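Student: I am new to this structure. Could you show me and walk me through the core and the strands?

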Amino acid sequence: MKSQPIRLSRFLTFAGLLSFCLAGSLVAQAPLTPGLGKTTPPPATVAATPFVCYSAVHVDGPFIAMTFDDGPSEKLTPELLDLLAQHHIHATFFVIGTNVVAHPEVLQRAVGEGHEIGNHSWSHPAFAKMRDDSVRLQLQKTDDAIRAAIGSSPTLMRPPYGSITARQKRWINSEFGYRIILWDIDPLDWKRPGAAVVTSRIVRETRPGSIILSHDIHPGTIKAMPATFDQLQAKGFKFVTVSELIAMGKPMTPKQTGEYGAAPSASPSRSPAATPVPAASPAPSSPNP
Ligand SMILES: [Zn+2]
C-alpha cells in the first residue's frame, strides 16, 4: 500500500535534483549584461557548455561511481583501500581539510592507487547558510591542504549535507573551477543501520550512471563494502571515478530524461534513498553527508 507514494516521491526527488543541477549549469554560463545601452546577442554555444552540478550522469553502459565522504580516516580508509584494491575498483573520496592535514599519507596512498580526490570543505559546515568569504575560506584551505598532500588540486567539490545555493554553485565553479557533485543513491550509512542494510540499500537502488554516497569514517560502512562490491559487480556494474563517469556522459533527449528518471521502477518499492537534500535547501535532514 505504501509503495506507490514512496516511489513517486523518489522519482520526484531525483528529477528535481537533476533538473536543479542542469538549470544551474546553464545559468552559470549566462553572459554579463553589457553597459551603456548596448546589447549583445546571447552566445550560441550555451547549450554545449559543460554542466556544473551532477547528482547522477546519463551514460550508455553499466558505469557507476562509488564515493566516500568525510575522511581520510587513519584506520578505516586504509582498510577500505585494501578492499577496493582486491576488487579492482577506483572510487572517489570527498575529504575534509582537517583530516587531510592529519593523515596526508592516506591521501597519497589513495591517489597512488588510482582513486580520485574531491574537496568536501575544511570543517563540514552547511554552505547555504554561510557568507561567501567563509565558504571561500573553507574551500581554499582544503584545496591548499590537498595540493600540499598530493601535488595537485581537486576538480570536484561536494558541499557538506548537499547544502548549497544555485548562486554559490555559480561562483564556486567560476572561482575554483570545481564541478559540484551531489548523489542519487544514499544508504544513510551515517545512521549506522548495520552492514547488511547498507549493502542491500545500495545494491537495490543503484542503476547505470549512479553516484553513490557513503562515508569512510564508519566501521559499519567499511564492513558493508565487500558484499556491496561483490553484488554490484555480479549485477554487471563497472566502477569508475566521478570524473570518469562525467566524461562518459551522453546528452539526454526529453524522452531519455523520462526513461532515466523512471529507472527506479525496477527497484523494490521501499526506498531509503528518497531524501537526498535538494542542493538549494538550507535545512539538510542528514547530519552527516
Ligand atoms: Zn560529509
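Tutor: This is a predicted model, where local features need pLDDT of at least 70, side-chain atom pairs count only at pLDDT 80 or more, and totals for chains, interfaces and linings use all residues. Residues are numbered from 1 along each chain as its sequence is written.

Student: How many residues does the largest nonpolar core have?

Tutor: A nonpolar core is a set of buried Ala, Val, Leu, Ile, Met, Phe, Trp, Tyr and Cys residues joined through C-beta atoms within 7 Å. Buried means that 20 or more other C-beta atoms lie within 10 Å of a residue's own, placed from the backbone. Those with the most contacts inside the core are Tyr54, Ala65, Val95, Ile180, Ile181, Ile211 and Ile212. The core's residue count is 62.

Student: Why is strand E2 largely enclosed by the rest of the structure?

Tutor: Strands are DSSP runs of at least two residues, numbered from the N terminus. E2 covers residues 63–69. It is largely enclosed because, of its 7 residues, the number buried is 6.

Student: Which residue of E8 is the bridge partner of Ile64?

Tutor: E8 spans residues 238–239. It runs parallel to E2, with 2 bridges joining them. The partner of Ile64 there is Phe239.

How values were computed
Buried ≥ 20, exposed ≤ 12 C-beta atoms within 10 Å, placed from the backbone. Helix = DSSP H or I, 4+ residues; strand = E, 2+ residues; numbered from the N terminus. Pairing = 2+ DSSP bridges.
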